Amino acid sequence: MAEKLLHTDITAATFRDDAVSAELPERARIVVVGGGVVGTSIALHLAEAGEHDVVLLERHRIASGTSWHAAGLVVRARGTHALTTISDRSVGIYAGLEERTGVEVGFNRCGSLTLATTPGRWDELRYGAGVARHHGLDVEEVGPSAVEQLWPIAQAEGVVGALHQPGDGHLNPGMAVLALAKAAHAAGVRVHEGAAVLEVERDARGVTGVRTDRGTVACEHVVLACGLWTRDLAWAAGAAVPLYAAEHVHVSTGDIDGVVSTLPVLREPDSYFYARHNAGGLMIGAFEPNGIPRSTDSIGPNFAFGEFPPDWDHFAPVRTNAERRIPALSSATWERFLNGPESFTPDANFCLGETNEVDRLWVAAGFNSQGIIFGPGAGAALAAWITSGVPQDDVSEVDVRRFAREQSNRRYLHARTFEGLGRLYAMHWPGLEAHTARDVRRGVLYGRLRDARACFGEANGWERPMWFAPPGVEPVTQYSYQRPNWFPCAAEEHMAARESAALFDLSSFAKIDVAGPDALAVVQSLCTRNCDVTVGRVTYTLMLNERGGIELDGTVVRLAEDRYRIITPTVAHAKTLGMLRRETAGRAAAVFDATSGHATLALMGPASRAILQSITPDNISGAAFPFGTAQELELGTGYALALRVSFVGELGFELYPTTDQAPALFDALVAAGEDRGLRLAGYHALNSLRCEKGFRHLWHDIGVADDPYQASMEWLLSADTGFRGKDALSTAHAHVPERRLRLIRLDDPDPLLLHGETVFRDRHAVGFVTSGGYGHAIGAACGLAMLAADAPSDSEYTVDVGGTLVPATVADEPWHDPTAQRMRA
């Protein structure tokens with residue numbers, strides 16, 4: 001049925017006759033692998049950007065992998081600003097396809113209606129409505145009575161509220177992909193069906209071509225947009241792309257009285273289902289919390305227009321929920337059970353960009369059953385990235401380089417995918433942690449932290465302490481859009497860092513050494529600050545791309561004349577390695593990953609020096625060990641590299657013992673701090689402390705879409721070195737930037753700041769919050785916000801906090817700044 005529908009008017013694709021019979025070219029500049037919604041969009045937008053030598057290879061027929069069996073849902077707004085930009089762009093592309101190509105895509109802009117049946121879900125929807133309004137999208141918060149008006153055959157029992165978005169809808173996914181392919185062909189793309197890519201060929205400098213079952217095509221760039229098969233092709237070429245397939249189901253009924261094409265797409269995420277009009281009946285789709293993972297071996301390499309057997313028992317709970325909300329389903333005839341594969345990633349965001357390991361190997365895959373929603377917009381974003389060499393959009397949350405290589409392990413992916421399917425409709429709580437595929441990467445101090453009642457979170461597979469529970473409190477997070485159960489515990493940890501001392505385990509931070517005669521040249525080309533400093537100096541710096549966008553921030557330590565250590569955030573580990581690998585190519589320098597070989601202990605607070613001095617015979621006074629320097633210290637029964645730096649805005653030391661010595665050092669610090677007010681502290685406290693100080697968080701506050709001027713970090717730009725991106729900055733900022741990162745604080749002490757909230761001045765939106773926390777020392781929520789550059793520093797602002805406008809103050813100086821007296825003492 002769906003295959004027949006897909007191939008209706010297939011002759012409208014003028015490339016059809018040539019696509020199967022034509023010989024593959026021997027060479028192309030860019031080869032796109034995969035003829036689904038993503039691959040066809042990439043090819044089209046490459047051609048529109050002026051790339052005249054693009055080949056698209058599809059192993060079977062256009063849309064035959066997973067695009068053909070999609071439900072065709074189209075959504076303008078998503079949960080973040082960056083994703084909303086991509087999805088809204090997709091809607092614009094779909095809107096013009098039929099007129100452009102003559103292919104009828106069945107775009108029905110009937111709107112959508114998302115129900116909340118719990119207070120927490122209603123909080124989530126209201127935060128999402130704020131993002132939609134920020135982008136100028138129509139959105140209406142409605143009550144139960146409006147639900148029955150918009151959906152007369154549904155009953156509103158138990159509904160707390162709903163979000164009506166008139167600009168959403170649905171379309172025929174197969175025909176939409178066909179239209180994209182036709183448009184790409186008309187723009188000059190050579191489309192070849194029946195050409196299975198067996199291998200990505202490469203040498204030490206990057207990709208050289210693809211080997212297919214019809215011959216080899218040499219090329220400069222390869223784009224893998226082949227859905228669930230992307231991981232295996234990439235891995236065989238030496239690149240990690242963590243995604244895994246799961247079964248995804250939608251079931252369609254016969255005609256139902258009262259079902260009309262104008263019904264909005266109905267979503268009830270608390271009950272794991274959506275419903276849309278389909279030929280006089282309804283299509284009910286499921287995002288159940290207990291997904292069924294499928295390995296590529298179980299699917300097979302020749303799977304095309306394929307389906308898995310119906311599993312009515314697995315679908316039964318979702319069916320019951322749908323029939324409760326839409327009583328007419330109970331007597332309807334269920335005519336079509338469609339069970340097909342979709343690919344899912346560890347964090348439920350897709351993978352986009354150039355791989356860390358292989359130059360000019362690009363990916364756009366793992367769309368978590370949202371390929372139709374994101375595909376055209378993501379294709380446009382990747383095409384712009386390929387043609388310009390740098391991202392043109394904020395792609396930080398979908399950049400394939402955010403993942404650790406370990407996360408491509410198939411056993412890990414299989415376990416995570418049980419949860420991955422349902423995460424689309426699960427509650428998107430602030431700080432939500434995955435509960436599957438855990439305990440994969442444990443630091444050497446894990447056992448001690450667990451015994452100290454740590455509640456762990458996960459980042460790139462690492463188990464990290466988020467907060468510590470006192471006796472009588474279970475170390476399990478109870479999520480909330482208001483103050484969660486860990487709030488008072490993190491508050492005590494926060495105040496310990498401000499008033500006495502706190503000890504943080506930051507061992508998952510990336511620690512990469514660069515050594516050799518050209519080590520200085522490598523870091524000077526990457527870092528915006530001059531790193532030609534004396535041995536033992538510590539330099540905080542940015543690393544930019546050619547356009548001047550911020551790729552990384554981190555700490556650089558000169559360990560010797562020919563050796564540096566670069567320390568970056570956990571989530572930037574693979575990206576840091578990738579950037580250094582590229583920069584050292586052809587140079588007399590080598591890169592060593594020291595992350596797992598060294599723990600990281602951050603001892604922070606006014607009492608930190610006294611605690612540390614009690615376990616070392618070395619002089620660590622301010623004069624002997626000044627701020628911004630590094631020394632090897634004799635600590636307890638061992639030795640460790642120590643840095644005088646602070647991410648919390650207090651006097652502090654970062655300690656880097658080897659992992660074999662870390663437990664003894666930890667024990668010594670805890671014992672020494674027992675009478676000095678020392679507390680163990682987690683990442684929630686670390687976040688709130690840095691928000692009070694105004695320190696930036698990579699990929700939340702700063703990223704590739706921001707340059708140092710926009711990030712208010714121009715003080716990190718060296719006038720003496722020729723770092724990457726410097727020329728672009730001098731051109732871009734002959735004038736004042738249009739936006740700048742500022743500090744913001746709510747004037748009401750009760751609400752919280754999360755991220756993404758719109759900031760208003762004189763009832764006009766002037767920006768949004770990039771990250772937030774609660775400033776326990778100042779008694780109010782605070783964070784950072786990207787605002788119009790001319791926005792003044794005063795208290796004439798409001799912030800949309802979950803639908804409520806809260807007065808706020810904007811400033812340029814930190815809310816809590818003890819640096820002059822303590823941090824640099």
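Six cavities of 30 Å³ or more are counted in this structure, a cavity being a set of points on a 1 Å grid over the protein atoms alone where a 1.4 Å probe fits but cannot get out. A volume is the space filled by probe spheres set on these points, which are joined across faces, edges and corners. The structure is a predicted model, in which local features need pLDDT of at least 70 and side-chain atom pairs count only at pLDDT 80 or more, whereas totals for chains, interfaces and linings use all residues. Residues are numbered from 1 along each chain as its sequence is written, and side-chain values use heavy atoms, with hydrogens and water left out.

The largest cavity has a volume of about 80 Å³ and is lined by 13 residues, of which Glu 463, Arg 464, Pro 465, Asp 505 and Ser 507 lie nearest its centre; a lining residue has an atom within 4 Å of a point. Two or more lining residues come from each of α13 (446-451) and β22 (462-468), and β22 gives the most, with four residues. Helices (H or I, at least four residues) and strands (E, at least two) are DSSP runs numbered from the N terminus. The second largest cavity holds about 60 Å³ of space, and the residues that line this second cavity include Ala 240, Pro 242, Thr 355, Phe 403 and Ala 574.

Helix α7 (residues 173-186) has 14 residues and reaches 20 Å from its first C-alpha to its last, close to the 20 Å expected at 1.5 Å a residue, where the expected span is 1.5 Å times one less than the number of residues. Twelve of the 14 residues of α7 are buried, so the helix is largely enclosed by the rest of the structure; buried means under 20% relative accessible area, exposed over 50%, and partly exposed in between, with a 1.4 Å probe and protein chains only. Among the buried residues of α7 are Pro 173, Met 175, Leu 180 and Lys 182. At the N-terminal end, α7 is capped by Asn 172, a side-chain oxygen of which lies 3.1 Å from the backbone nitrogen of Gly 174, and just after the helix Gly 188 takes a positive phi of about 115 degrees.

Ser 614 is found in the loop between α17 (608-613) and β30 (630-635) and is partly exposed, with a relative accessible area of 39%. The side chain of Ser 614 reaches the backbone oxygen of Ile 611 at 2.6 Å. Leaving aside neighbours within four places in sequence, Ser 614 is in contact (heavy atoms within 4.5 Å) with Ala 672 and Arg 676.

Conventions
A polar contact is a pair of N or O atoms within 3.5 Å; within protein, one must be able to donate a hydrogen and the other to accept it, and residues adjacent in sequence count only if both atoms are side-chain atoms. On a 1 Å grid over the protein atoms alone, a cavity is a set of points where a 1.4 Å probe fits but cannot get out, and a pocket is an open set with protein on both sides within 12 Å along at least five of seven lines; lining residues have an atom within 4 Å of a point.
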